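Hi everyone, thanks for coming. Let me put today's protein up on the screen, and then we can walk through it together.

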Amino acid sequence: MTQEEALDILKMGNNVFLTGAAGSGKTYVLNQYIKYLKKNKINVAITASTGIAATNMNGKTIHSWAHIGIKDHLTDADLNKIFNRTDFRMQILSCRVLIIDEISMLHHFRLDIVDKVLKKINENDLAFGGIQVVLCGDLFQLPPITPYGKEIIYINESSIWPDMNIHICYLEEQYRQKDDDFISLLNEIRQNEISTKSLELLSSRLNKKFEDENITRLFTHNADVDTINNLELDKLSGKVHNFSMTSKGDPYVTKSLTDTCLAPSELKLKNGATVMFVQNNYKLGYVNGTIGKVIKFDSETGFPVIKTLTGKKILASPGVWKMEEGESVLAEISQVPLRLAWAITVHKSQGMTLDWAEIDLSRSFSSGMGYVALSRVKSLDRLNLIGINNKALLVDPKVIEFDVDFRKQSKGLIKHISGLGKKHIKQRHKDFIRDNY
């Protein structure tokens with residue numbers, strides 16, 4: 001399915017699972033739909049399964065938005081307590097569209113809990129109380145955290161899934177990688193059928209050093225990342241420049257934003273530091289994951305000037321992260337949108353696009369970890385693979401089965417929609433706006 005076809009289906013008000021391989025433009029489609037909803041005064045709740053993903057979308061975690069916290073189940077008393085919160089009840093009642101991003105990491109039972117909350121507050125037995133729900137993500141990527149030895153249960157195995165009348169929009173165009181061999185390798189990982197040619201391609205990237213480039217290193221564990229970043233910064237001579245995060249709004253919400261923002265509360269930089277932008281700003285020419293080097297500090301503002309790998313020079317003035325509810329801003333924080341980028345974790349890299357990467361998969365411990373790490377990189381010749389273990393390229397056989405069905409459903413949906421005709425589709429769009437304005 002193309003992005004345009006997916007947007008047409010979303011604009012009809014259908015419940016949608018927006019999926020596809022890494023780099024297929026899922027976040028772009030979400031952002032386009034959010035702009036459309038806001039333009040037409042339709043109240044949309046923007047949420048995600050993790051704090052990092054939520055922050056990137058200027059939203060909340062689904063746990064926070066639905067007031068369910070980390071509960072594994074809700075009692076009737078819990079539901080009544082949520083229902084009796086007037087402010088929260090009004091928030092839910094005004095919501096017409098619920099978006100949940102990075103759905104691969106959301107536990108199935110939490111989707112069922114959200115459904116119960118929305119049914120209770122809307123006093124409507126339809127799935128999610130009758131509002132449109134848009135789930136976005138790729139089950140081949142990082143799964144929900146599950147106790148060791150326990151089977152991973154995915155979002156489409158939730159109790160509410162069969163009642164959602166879910167429309168599968170499977171994006172197939174590739175926007176991140178252009179190398180056919182690399183794309184083939186990534187697709188083979190998804191199918192658990194890695195060819196000899198692809199294994200040879202991966203082997204050819206072992207211990208490839210890039211002497212003159214700023215390389216982001218991906219590791220599976222936080223301890224490795226922190227150690228490398230601190231050591232590399234200490235190696236640089238010159239003055240340390242400190243940048244502190246500022247905030248305003250509800251203290252609780254502000255703390256949640258601060259805890260999940262990829263930009264640190266206290267950013268320490270030196271001339272020559274390797275950094276990564278952690279926000280999208282297409283106008284200024286950077287996205288979440290753009291790598292560069294600090295070449296100086298602006299004489300007037302004091303903010304760092306970054307030279308990207310393409311040679312572009314960007315003044316990294318503070319960016320803003322907000323948590324919104326409808327048209328209201330609950331809280332916002334501001335910080336120079338950078339972090340030290342000699343190293344980051346694979347988990348934090350999900351959703352990023354990297355120009356160059358050095359990846360250590362020798363201690364991989366979760367299905368999807370190798371796929372996420374490798375698919376961050378634009379081109380295979382910009383990859384240095386430090387190590388890899390026998391778990392790194394594993395994918396859950398269940399996900400492969402699900403994927404076959406998702407593709408089949410998506411193709412059937414394209415055929416159905418194309419048969420409606422443009423005039424009918426446009427009328428459905430108008431009807432949805434009219435019914436939810």
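**A walk through the fold**

The accessible surface of the protein comes to about 20,200 Å², and carbon and sulfur atoms account for 49% of that. Those areas come from the Shrake-Rupley method with a 1.4 Å probe, and for residues only the protein chains shown count as cover.

A word on the model before we go on. It is a predicted one, so local features need pLDDT of at least 70 and side-chain atom pairs count only at pLDDT 80 or more, while totals for chains, interfaces and linings use all residues. Residues are numbered from 1 along each chain as its sequence is written, and side-chain values use heavy atoms, with hydrogens and water left out.

Now the overall picture. The protein has 15 helices and 20 strands; these are DSSP runs numbered from the N terminus, with helices being H or I of at least four residues and strands E of at least two. Along the principal axes, the C-alpha atoms fill a box of roughly 65 × 55 × 45 Å. The radius of gyration is 22 Å, which agrees with the value near 22 Å for a compact globule of 437 residues. That radius is taken over C-alpha atoms, and the globule rule is 2.2 Å times the number of residues to the power 0.38.

How much of the protein counts as buried? The figure is 54% of the 437 residues, where buried means under 20% relative accessible area, exposed over 50% and partly exposed in between, with a 1.4 Å probe and protein chains only.

Let's go inside. The largest nonpolar core has 85 residues, and L98, F128, L135, M164 and I359 have the most contacts inside it. By nonpolar core I mean a set of buried Ala, Val, Leu, Ile, Met, Phe, Trp, Tyr and Cys residues joined through side-chain atoms within 4.5 Å. Helix 7 (residues 108-122) gives the most to this core, with six residues. Take F128: leaving aside neighbours within four places in sequence, its contacts (heavy atoms within 4.5 Å) include L111, V114, L118 and M164. Apart from that core lies another, of 29 residues, among them A6, L7, I9 and I425.

That brings us to helix 1 (residues 3-11), whose buried residues are Q3, A6, L7, I9, L10 and K11. They pack against several elements, including strand 1 (16-20), helix 14 (397-418) and helix 15. Helix 1 is followed by G13, whose phi is positive, near 90°.

Four strands form an open sheet in the order 18-7-19-20, with parallel pairing; two strands pair if DSSP finds at least two bridges between them. At the edges are strand 18 (343-345) and strand 20 (383-388), each pairing on one side only. Strand 7 (residues 216-219) and strand 19 (residues 357-361) are joined by three bridges, and T216 stands opposite A357 in strand 19.

Most residues other than glycine have a negative phi. H67 has a positive phi of about 60° although it is not a glycine; H67 lies in the loop between helix 4 (62-65) and helix 5 (76-83). E102 has a positive phi too, of about 50°, in the loop between strand 4 (97-101) and helix 7. Are they buried or exposed? H67 is partly exposed because its relative accessible area is 30%, whereas E102 counts as buried at 13%.
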